[in-house]
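Here is a friendly walk through a model with several chains.

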Amino acid sequence: MSKFQTVDFYKSVNKDYKLLPFRFTELEDNSYILTNIAGEYHVVERETLEKLIRHQLSSGNKDYLDLRSKQFLTDQNTSVAHELLAIKLRTRYSVLPEFTGLHMFVVTLRCEHSCPYCQVSRQSDDKLAYDMSVETASNSVDLALRSPSRAIKIEFQGGEPLLNFDIVKYIVIEANKRKQDKEVSFVIATNLALLTDEVLEFCKENNVQISTSLDGPQELHNKNRPKPEGNSYQAAVSGIKRVKAILGKDNVSALMTTTFDSLSKPEEIIDEYLKQGLGGIFLRPLSPYGWAIKTKTYTKYNVDMWHEFYVKGLEYVIELNRQGIKFKEYYTSTILTKVFTHNSPGYVDLMSPAGIGIAAVIYNYDGTVYPSDEARMLAEMGDKYFDIGNVNKNTYEEIWLNPKLLDAIEDSFAYSVPMCNECAFEDYCGAEPVFHWGMQKDIVGRKPESEWCQRNMKIFKYIFKRMEGDPFVKKLFREWGQVDA
Amino acid sequence: MVQIAFDANLYSADHLKKAAYKFIDKFSFQVAKKGPELVCDLELNPNIGNDAEDYYINQFKKEVLDQELRDKLKKETEAVRNLILAHTFSKTGLISDE
Amino acid sequence: MLKLQANTTAHNSALENDVLLTLSKNSNMPHVLREKMAYFLADEENIPKGFSAYLTYSEDVFKAASRLSNLFLLPADLSYLAEGDIVRIATNGKVHSLFRKNSNHNTMLLTERCNHYCLMCSQPPKEVNDDWLMDEALELMELIPRETQNIGFSGGEPTLYGDRFIELIQKAKLFLPNTAIDVLSNGRAFKDVSFVKKLASINHSDLVLGIPIYSDDPERHNFIVQSQNAFDETIQGIINLKKYRQKVEIRVVLHKQSIDRLPNLCEYITRNLVFVDHVALMGLEMTGFTRANLDQLWIDPIEYKDTLSEAVAILNAYGIRNSVYNHQLCVINEDVRSNYVKSISDWKNEYVKECDGCTQRNSCGGFFSSSKQYRYSDHITPYS
């Protein structure tokens, strides 16, 4: 019918396009990843990138439509890009005013294990010296509830929290009493060796979840986590069974820590997690704090060795999924949430502004407040830089407006520092002031010299390279990126 | 004693001082403006061996670059950063409404 | 396929205006209610008085009762009419079914005017003043039974009525407070925030705007709907509707012009419109303009089944509810089945000879009558 126009009628005359803000980083030879201001990505060849920037990209180029659709450029055929980008940017930052959501309570430093990589514990029976008192607990609960967050999570740590279960109970009961219309959830990070029916019953009645350590199959786990006069692995595994039976599968999770001995066994460790019926694994690197440095377990492996371990582990997990087994790697999925959605995965280490204090806080057994668990570990090593107050002596204002905290957040702001400012992965990464203070005595850190940066950079590049050209992995990763998936 | 000159158009005394401070346990530092240049006099601490001198000078130059870039970026991105941090603290009751 | 309107075979109409009447078979209907009703005459004995019209399918009855005024002899085509249905009887005797009580979805045409000219439009636009359709819709709000679960409004472009459109939604809320409404619209009028505010202030409890987006490529979308700036204004409209918490469904008709970038469109939705309430992926109907543009539009669904799977997987990953309509089971992949909806609307579905012996017929929606008549997949294969 002559009343219909052709498609060319609706294409604009080939005028110039406008670039929208974006950053780019090399992915591999001839391949670049671009990220727009809302953290959305596209991969192009170098030649395309150059043409794009020099305003030489023709509208017939195979990437042109995608680049316009994904808001890397805009032209006179559309003008909604700016508003959409603004909406998405707002969404990405919308969780910030919720402020501190994770509140860790170190209820005791005492522990009956003696893991070489442990940051903090004390093998001791001296309760007075190393247990959190009722007064400290009560003041900590008040501070936690002072957060504007509509929902907070209280995580019990140690040492071994079950060694001071009375205070755990006190905190749960008091928090529930005082919470008004806040939602409060609870989790105990425990090695499960001291799990009793009483503990399980209390957890069931009060919806307390359990998080435990499982480093791999028995031999590896016990080597990493020696328990004088005992078998840590057996305790963990039978503990997991009991918790599942009483609290349910969704209420128990496990974390692994990588040591030098773990590095050659990624598949075995993952198999152990499968065996215990866990839905995923968090491949965590060894952090450079606490006993780890003292016993030299940290210096033993570096970025490359850990990356090799991570890749083997991730590939094994992908293979499992290809066979129809639903299993996730959680560090990857945390990053993927930032790649595929504008939601925050709520993972403190991958936040900018840094999550210290404003997303997480830790109340030590003696009332000292630290803005992250790593900061506490640094203090145990003698560096009290991040000591920002005491629950028994300081007010909420004094603690959260402590200049040391505010300066650290402001100075480490990733968008404001060299290299991060231009990095295509900045939206997926984090500021990490505590790590850099610990390693370089510098809140910002020189990123080229930073193991944090190197490690993450390798992971980011690996993730994106893996998705390009493998539709199965892209589909899997897209699913992993969903919050609550 | 080592002398290093920096182009005063590209670097400020503040950058040099901040960088030098990080090496206060390695060398002492003086800076003076001479024409278009900022000239730094670095005197190695007695406990630093001469073979380490090149290493620390190198590190110092890197640190100067670092400081200059950090300063520039911090200023350029100030508006965005302040917006985001204000937004972060907006519900805490810790900042006063103006 | 049901014919929704037909000429009466014979009548002795004394109507001065077109009327809307509810159909009744109840000879004991209270007198006060008969004025708004038409009565089904089974025989010429004991004719209850006071109805505004009398309907029969029997020629004998018609002859015998011919002294009645406003008696209409209906053709067999209209034999589906049932008690509780609402019809328009025109002064010239034409009968049009407007509301069928037994249908699980009734849609009212508000206008044939439109500011788009979609290549595949199933209701080709006409530049006529058909405001009377809006008058009728407003009247229908008072006649449609209160327990009706849902109704739809379409066109043409309903929002061309501006404030009268708002008035209609408001009236629907007042007279049919428990009835869900879906409106088919290109959404452009909602780029005007004040218009959205008016709609939002009605605070309807269950209103969905069904708005088409055919591509993430603005030029292609504009080409398909044959209107400049359509893409931008539609997106703007959706954003505004969502700002004011209105429910939005995105509708995509799948054909040669829209299918290539369907996964890109779905990704675009997950990035920019992730808050939409539903996405409808619909097969092509062979009515209206489609046949005239068939060479540009036709693609055998079997050729795009993998693309469809990819698109559905993207939406499913993000938890965006989506449905696949107007396809046959044998031309889609297994992985789309959980999103597959069987029903083409109940007056449209049929099967073809290639379906003979298929064991999955009961789960399959079949074909549009128009598709059966003019064009359907060359790969219809019965399941055994």
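Throughout this report, two residues are in contact if their C-beta atoms, placed from the backbone, lie within 7 Å. The model is a predicted one, so local features need pLDDT of at least 70 and side-chain atom pairs count only at pLDDT 80 or more, while totals for chains, interfaces and linings use all residues. Residues are numbered from 1 along each chain as its sequence is written, and chains are lettered from A and ligands numbered from 1 in the order in which they are written.

**How the chains meet**

Two pairs of chains are in contact, and chains A and B share the most contacts. In that pair, 19 residues of chain A touch 16 residues of chain B. In the other direction, 24 residues of chain C are in contact with 20 residues of chain A. Chains B and C share no contact, and their closest C-alpha atoms are 20 Å apart.

The table sorts two of these contact sides by residue class.

Which helix of chain C gives the largest share of the side that touches chain A? Helix 7 of chain C does, with five residues. The elements giving two or more residues there are helix 6 (218-225), helix 7 (230-243), helix 9 (262-272) and helix 11 (305-317) of chain C. Helices (H or I, at least four residues) and strands (E, at least two) are DSSP runs, numbered from the N terminus.

**Chain A and the cores**

Chain A has 19 helices and 15 strands. Its radius of gyration is 24 Å, close to the 23 Å that the globule rule gives for 485 residues, so chain A is as compact as a globular protein of that length. That radius is taken over C-alpha atoms, and the rule is 2.2 Å times the number of residues to the power 0.38. Along the principal axes, the C-alpha atoms of chain A fill a box of roughly 85 × 50 × 45 Å.

Of the 485 residues of chain A, 47% are buried, that is, 20 or more other C-beta atoms lie within 10 Å of their own. A nonpolar core is a set of buried Ala, Val, Leu, Ile, Met, Phe, Trp, Tyr and Cys residues joined through C-beta atoms within 7 Å. The largest such core has 130 residues, of which Leu34(A), Phe105(A), Val106(A) and Ile171(A) touch the most other members. Helix 18 (residues 451-467) of chain A gives the most to this core, seven residues. Beyond its neighbours within four places in sequence, Phe105(A) has contacts that include Met132(A), Phe156(A) and Tyr363(A). A second, separate core of 94 residues includes Leu23(C), Ile213(C), Leu284(C) and Ile332(C).

**Parallel strands in chain C**

Strands pair if DSSP finds at least two bridges between them. Strand 10 (residues 150-154) of chain C pairs in the parallel sense with strand 9 (residues 106-109) of chain C over four bridges, and Asn106(C) stands opposite Ile151(C). Four bridges also join strand 10 of chain C to strand 11 (residues 180-184) of chain C, again in parallel, where Gly152(C) has Asp182(C) as its bridge partner.

Conventions: Buried ≥ 20, exposed ≤ 12 C-beta atoms within 10 Å, placed from the backbone.
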